[in-house]
Amino acid sequence: MVQAWYMDDSTEDPRLPHRAEPARPVGLEQLRRLGVLYWKLDADRYEDDPELEKIRRERNYSWMDIITICREKLPDYEEKIKMFYEEHLHLDDEIRYVLDGSGYFDVRDEEDRWIRIAMEKGDMITLPAGIYHRFTLDEQNYVKAMRLFVGDPVWTAYNRPADHFPAREQYVALLAQTA
Ligand SMILES: [Fe+2]
């Protein structure tokens with residue numbers, strides 16, 4: 001089961017858990033209302049996993065690669081880490097499947113509060129186009145993740161404010177229906 005919670009307001013190291021006190025856990029149903037989809041898979045068999053294949057087929061996640069985020073493996077590490085943690089959106093879904101290590105995706109809820117989603121080995125997530133979000137490693141400082149995409153990947157991130165994009169407007173309209 002996915003671990004997610006509302007964040008505190010502390011400006012300390014983003015790699016710390018930043019759980020609000022008292023604790024306010026967030027469940028799958030609430031994430032779903034934000035358009036966030038989640039699957040638990042067996043990461044040890046990602047190369048030959050019928051469950052993964054089924055998701056990819058049904059959702060047209062045709063493209064994929066594998067990225068390792070840690071100081072030793074990622075070129076321009078410091079710069080990239082900073083970039084990942086800037087609040088931003090994309091015009092397409094962001095799909096990640098953690099094969100090893102761990103990290104946090106933070107997403108804004110319908111009232112603009114941060115929800116932190118703890119991603120570890122076997123967790124796969126889709127963030128909808130137009131949702132404001134960010135990513136950070138946790139104290140392990142290491143994640144290996146599959147990046148999936150519908151068609152040819154576009155990595156462009158639009159830092160907030162980016163409210164004028166149709167993808168954002170569509171997302172806000174979806175929130176109004178579900179949240
Ligand atoms: Fe992103």
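**Notebook: fold and helix faces of a predicted model**

I first read the order of elements in the protein, which from the N terminus on is β-α-β-α-β-α-β-β-β-β-β-β-β-α. I took helices (H or I, at least four residues) and strands (E, at least two) as DSSP runs, numbered from the N terminus. The secondary structure comes to four helices and ten strands.

I noted that this is a predicted model, in which local features need pLDDT of at least 70 and side-chain atom pairs count only at pLDDT 80 or more, while totals for chains, interfaces and linings use all residues. Residues are numbered from 1 along each chain as its sequence is written, and side-chain values use heavy atoms, with hydrogens and water left out.

**Entry 1: overall form**

Along the principal axes, the C-alpha atoms fill a box of roughly 40 × 35 × 30 Å.

I then checked burial, where buried means under 20% relative accessible area, exposed over 50%, and partly exposed in between (1.4 Å probe, protein chains only). Buried residues make up 47% of the 179 residues.

For contacts (heavy atoms within 4.5 Å), I considered pairs of residues at least 6 apart in sequence; 74% of these contacts join residues at least 24 apart.

**Entry 2: helix H2**

I asked which residues of helix H2 (residues 50-59) are buried. They are Leu-52, Ile-55 and Arg-56. Seen down the axis of H2, these residues fall within an arc of 95°, so they line one face of the helix. I recorded that the arc is that of the directions from the helix axis to the C-beta atoms.

The face of H2 turned away from the buried side carries the exposed residues Pro-50, Arg-57 and Glu-58. The buried residues of H2 pack against several strands, among them E2 (37-40), E3 (63-69) and E5 (94-108).

**Entry 3: helix H3**

In helix H3 (residues 77-84), I found Tyr-77, Ile-81 and Phe-84 buried. They cover an arc of only 65° around the axis, which puts them on the same side of H3. On the other side of H3, Glu-79 and Lys-82 are exposed.

I also looked up the partners of the buried residues of H3, which pack against E3, strand E4 (88-89) and strand E8 (133-137).
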